[in-house]
Amino acid sequence: MNDQGTAARIVAVAQRILIEEGAGAVSMRRVGDAVGITAMAIYRHYPNREALLRAVADRSTGELGAAWAGRPSTGGLEERMSAALDGFLDFALGSPHLYRFLISDAWAGARRFPEDFREGQSPAFGVIMGLVEEGMRAGFLRADDPLETALVVTSCVQGLLQQYLSGRFGMSEADFRALCHRSTWRIVDGLRA
């Protein structure tokens, strides 16, 4: 196996472990065993666990970005906003460990607001910011700072997801999704032009 192939395999295995069990389960020894190399051999590719987790984050956001870019862009603004929310909920509820790691866990190199978000390093946030900018240009939303407005729109759902994934909601997933839609539209309605 060549060095680039080994590095990619290491990240893929670390990503699988993180998705299935959470970031705490990702160790150099465990990844090495699953790849079929020693834990020490991983250090030739990644100087430490934090660098490996950053590579997992980069791979994951790249995959999410490709998936989000491939989403249909048809329909009116409101329909596309609802579809973006559904896509975000699909991701968060379908891969809760990865969602927590990318969105709320504290780790070295985690993306930071506002600079990383302004530079487009978050695929989901970039989609929402694009919709917000479009809504402002079309007169659907009041003119304001698109970055901060997108933050306002996304923060409510992120807070609800934290509570839901922590078992704080006694409702079905379908009811929770409906709550997220109602809450998001309450915010959007307050931002209308």
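Tutor: On a 1 Å grid over the protein atoms alone, a pocket is an open set of points with protein on both sides within 12 Å along at least five of seven lines, a cavity is a set where a 1.4 Å probe fits but cannot get out, and lining residues have an atom within 4 Å of a point. The model is predicted, so local features need pLDDT of at least 70 and side-chain atom pairs pLDDT 80 or more, while totals for chains, interfaces and linings use all residues. Residues are numbered from 1 along each chain as its sequence is written, and side-chain values use heavy atoms, with hydrogens and water left out.

Student: Which element gives the largest share of the lining of the second largest pocket?
Tutor: The lining of this pocket includes Trp68, Arg71, Glu79, Arg80, Val127 and Leu131. Elements are DSSP runs numbered from the N terminus (helices: H or I, at least four residues; strands: E, at least two), and α4, α5 and α8 each supply at least two of the lining residues. The largest share, 4 residues, comes from α5.

Student: What volume does the second largest pocket have?
Tutor: A volume is the space filled by probe spheres set on the grid points, which are joined across faces, edges and corners. For the second largest pocket, that volume is about 280 Å³.

Student: How many charged residues are in the lining of the largest pocket?
Tutor: About 470 Å³ of space lies in the largest pocket, and Leu102, Ile103, Phe117, Ser122 and Gln158 are the nearest to its centre among 23 lining residues. Ala, Val, Leu, Ile, Met, Phe, Trp, Tyr, Cys and Pro count as nonpolar, Asp, Glu, Lys and Arg as charged, and the others, Gly among them, as polar. The lining has 15 nonpolar and 5 polar residues, and its charged residues number 3.

Student: Which elements give two or more residues to the lining of the largest cavity?
Tutor: The whole structure has 2 cavities of 30 Å³ or more, and the largest has a volume of about 170 Å³. It is lined by 14 residues, with Leu85, Ile128, Val153, Thr154 and Thr184 the closest to its centre. The elements asked for are α5 (77–94), α8 (123–137), α9 (146–165) and α10 (173–191).

Student: By class, how many nonpolar residues are in the lining of the largest cavity?
Tutor: The lining of the largest cavity has no charged residues.

Student: Which residues line the second largest cavity?
Tutor: This cavity has a volume of about 40 Å³. Its lining divides into 3 nonpolar, 1 polar and 2 charged residues. They are Met136, Leu141, Arg142, Asp144, Thr149 and Leu191.

Student: Where are the buried residues of α2 seen down its axis, and within what arc do they fall?
Tutor: In α2 (residues 28–35), Met28, Val31, Gly32 and Val35 are buried (under 20% relative accessible area; exposed is over 50%, partly exposed in between, with a 1.4 Å probe and protein chains only). They line one face of the helix, because the directions from the helix axis to their C-beta atoms fall within an arc of 100°. On the other side of α2 are two exposed residues, Arg29 and Asp33. To restate the value, the arc is 100°.

Student: How far apart are the end C-alpha atoms of residues 27–46?
Tutor: UniProt, in an unreviewed entry, places the feature "DNA-binding region" at these residues; its positions follow the numbering used here, feature names are shortened, and annotations may be inferred rather than shown by experiment. The span is 60% helix and 0% strand. Its end C-alpha atoms are separated by 12 Å.

Student: Why does Gln15 count as buried?
Tutor: Gln15 lies in α1 (residues 3–21). Leaving out residues up to four places away in sequence, it touches Val56, Arg59, Ser60 and Glu63 (contact: heavy atoms within 4.5 Å). Gln15 counts as buried because its relative accessibility is 6%.

Student: What is the omega of the cis peptide bond that joins Phe113 and Pro114?
Tutor: Pro114 is placed in the loop between α6 (96–103) and α7 (115–118). The omega of this cis bond is about 5°.
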